[in-house]
Amino acid sequence: MGTARTRTRRRRAVPWAVLGLWLAALVLVGPLAGKFSDVQQNRAVDYLPDSADSTQVARIQDALPGGESTDLVLVYHRDGGLTSADRKTAADQVAEVDGAYELSGTARGIPSEDGSTLMYSVSSTQPGQDEEARNAFVDGVRDIAEGTGGLSVEVGGPGALNTDMSKVFETIDGTLLLATLGVVTVLLILIYRSPFLWLVPLAVAGVAAALAMAAGYGLHELFDVTITGQSGGVMTILVLGAGTDYALLLISRYREELRRHERPYDAMRTALRGCGPAILASSGTVAAGLLCLLAADLNSSSGMGPVGMVGVLAALVAMTTLLPAVLVLFGRRIFWPLIPAFGSTPKTRRSLFAAMGTSATRRPAAVLAGGAVLLGALALGALNLPGGLKQEDSFTEKPESIAAMQTLARAYPERSSRPVTVIAPTDKAEAVLGQARTTDGVAEAAAGRSGWGSPRSSEAESGGGWTEISVFTTAAPESAAETKTIEALRDGLDDSYVGGPSAQQIDLADSESRDRTVIVPLVLAAVFVILVFLLRSLVAPLLLLAAVVAVWGAALGIGALVFGPVLGFGGTDPGLGLLSFVFLVALGVDYGIFLMHRMREESLAGAEPEAAALTALRTTGGVIASAGVVLAATFAVLTTLPLVGLVELGFVIAVGVLLDTFLVRTYLVTTASVLLGRTVWWPGKLSRSPEPERPARQPEPV
């Protein structure tokens, strides 16, 4: 009697204790979560590796007198030609800017050959390192520089581009969180058909997001992990998407166990024992794949690894502790009106996935071959992906800085409006300046500030400090001709660094290329090891990896058919291939784990290979399809953002998840498993045919 009472008290106390611990944790981490957006760094140079030339240039510039300069270009344009009144307006406004802010040097107007455009380059070090002050400077200049009566005025340049970019990232976290919560809410209501149940996993996902943000802030403060708007947005998607997936799996199993157990506590404990290992393996696979990004050369990618990992782990912890506690406290009534009564049996109905599996196994070789040909044909489309994405093409809606850049490109085809920055030792500055002026493709070069460089730069090479040299090329920004000129400057200028916005884009593309060759094998190896450990096989892991790689290629191919021809994008983000690979392999293998793990359980119970495959598909198909739709929908939210790179990433991952959920896992993995038979578990014991039972030995007559 005493033991029964103790057990009852424990059933009541444990969920309340877990809930209390989470409430206390929220009180502690809440203020830290609010600081997560404050530590995001979104300048192009923040994405680059420490070793890049353009990174060194930015650091030395930060340490020169006045710190980092904010460089702007005021563009005055009138179709048909500027009037004398227009030129006076331009001169007066530039003078007003000079009076309101401390500018570096005297701005002079440079007219275009056709007389339609006049540009003034202005620069100020007054804002210093404060991003808010730099943005205020840009906004202040824009308030002064206003067009009238057909005269258009646009404020562009690197400083204006950074401001426009930072304003986009300022709104991403809130927009992304609200949009994702809205999508998940609608899907959960449709899946659960309950007015209350959907609130529980949604609220727990929100708690997990707060925990992940606090952990991300801690990573930055303790380990100087680079956090960008991109990694912050992806972390939000992972927390809500993966967390909801885990909730779907757990609640589905919990509903099943409530029919077998009288007390919700016992049902939840059994449910956790049943699906907990699969959820743990799933989250472990994603975390391992993301951690491989630590080997990336790019700061943005290497930072996304641990940031994404804490997001997945936060979802795992919340969905396996807080969610069970809340569900147990609510009891069966949380499922109203479809309450699973103790001892009842669910209505039997023909499963869609059972029908799909049966149709696939009638002619498994034909289904597998047809699916492989389809994926291969789609993957070939990736060869038509548009080229590298230029900064001017990086927004879905053109901001003022991009409009100014395009106006300048049309009005000044003979020279670039965006300087390439050379940092040279001061004692060699005159010689470097002379070399720069004689380099092929250089239209103009002039020396600027001098001073001591950053302590993190190679200062030993320059006992007399550094001098900043602005170089204007004859080619348009980020064109092949400008790239050739930048490479010639780097090859020909001794002891100097070549940077600036265009050089940063070159370094970004080079680092992305290097990272792909290093990280792709690492991710495949890490996921393969986890799968071998989980499935006790070498063939099954290879099958799952081949499937997700095929999905990745097909998703990129579909992207190539959409990005340029349909959406009109001018290029592909350099990081699209690597990041989409990491996420699709890590997330796609998750669903393969659920299917193959159940297939292994059925095989261990004595089922023949075909029966094991069909049973696994029938029992896991519905919940995994729901999870796949939720995950694809959360990543699809990225396509609503105003940055082309995030739109492309969200599209490819969403399409890949849907392909994996409804084609590859349902048809191709199932049919391949049927064709391979017991070989799929080689060299484990399941790969060997069971020995036939021998008839019982008859006793010999006495």
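This note sets out numbered points on the predicted model shown above.

1. Basis of the note. This is a predicted model, in which local features need pLDDT of at least 70 and side-chain atom pairs count only at pLDDT 80 or more, while totals for chains, interfaces and linings use all residues. Residues are numbered from 1 along each chain as its sequence is written, and side-chain values use heavy atoms, with hydrogens and water left out.

2. Overall description. The chain contains 19 helices and 8 strands; these are DSSP runs numbered from the N terminus, with helices (H or I) of at least four residues and strands (E) of at least two. The C-alpha trace spans about 120 × 55 × 55 Å along its principal axes. Of the 702 residues, 56% count as buried, where buried means under 20% relative accessible area, exposed means over 50%, and partly exposed lies in between (1.4 Å probe, protein chains only). The accessible surface comes to about 29700 Å², and 59% of that surface belongs to carbon and sulfur atoms; accessible areas come from the Shrake-Rupley method with a 1.4 Å probe, and for residues only the protein chains shown count as cover.

3. Contacts along the sequence. Contact means heavy atoms within 4.5 Å. Among contacts between residues at least 6 apart in sequence, 81% join residues at least 24 apart.

4. The sheet containing S1 to S4. Four strands form an open sheet in the order S2-S3-S1-S4, with antiparallel pairing; two strands pair if DSSP finds at least two bridges between them. Strand S2 (109-111) and strand S4 (152-156) are the edge strands, each pairing on one side only. Neighbouring strands of this sheet are turned by 20 degrees against each other on average, direction ignored. Axes here are lines fitted to C-alpha atoms, for helices over the stretch in contact, and angles run from 0 to 180 degrees between N-to-C directions. Within the sheet, 8 bridges join strand S1 (residues 70-77) to strand S3 (residues 117-124) in the antiparallel sense, and leucine 72 stands opposite valine 122 in S3. Helix H4 (residues 131-144) lies across S1, S3 and S4 and runs at about 15 degrees to S1.

5. The sheet containing S5 to S8. A further open sheet has 4 strands in the order S6-S7-S5-S8, and its pairing is antiparallel. Strand S6 (442-451) and strand S8 (497-499) stand at the edges with a single partner strand each, so one side of each is left without a neighbour in the sheet. Neighbouring strands of this sheet are turned by 25 degrees against each other on average, direction ignored. Strand S7 (residues 466-473) runs antiparallel to S6 and is joined to S6 by 7 bridges; glycine 451 stands opposite tryptophan 466 in S7. Helix H2 (residues 53-63) lies across strand S5 (420-425), S6, S7 and S8, at about 90 degrees to S8.

6. Helix H9. The 32 residues of helix H9 (residues 299-330) should span 46 Å at 1.5 Å a residue, and the end C-alpha atoms are 45 Å apart, which agrees. The expected span is 1.5 Å times one less than the number of residues. H9 is mostly covered, with 26 of its 32 residues buried. Serine 300 lies in this helix and counts as buried at 4% relative accessibility. Leaving aside neighbours within four places in sequence, serine 300 is in contact with Asp46, Tyr47 and Thr228. Just after H9, glycine 331 takes a positive phi of about 75 degrees.

7. Helix H18. Helix H18 (residues 609-636) bends by about 50 degrees at glycine 621. H18 is also mostly covered, with 20 of its 28 residues buried.

8. Cis peptide bonds. The bond from tryptophan 336 to proline 337 is cis, with omega near 10 degrees, and proline 337 is found in the loop between H9 and helix H10 (352-362). The bond from tryptophan 682 to proline 683 is cis, with omega near 5 degrees; proline 683 lies in the segment after helix H19 (644-676).

9. Positive phi outside glycine. Arginine 193, in the loop between helix H5 (158-192) and helix H6 (199-223), has phi near 50 degrees and is exposed, with a relative accessible area of 52%. Aspartate 495 has a positive phi of about 55 degrees. Aspartate 495 is found in the loop between helix H14 (480-492) and S8 and counts as partly exposed at 34% relative accessibility.

Technical notes: Bend = angle between axes of the 7 residues up to and from the residue.
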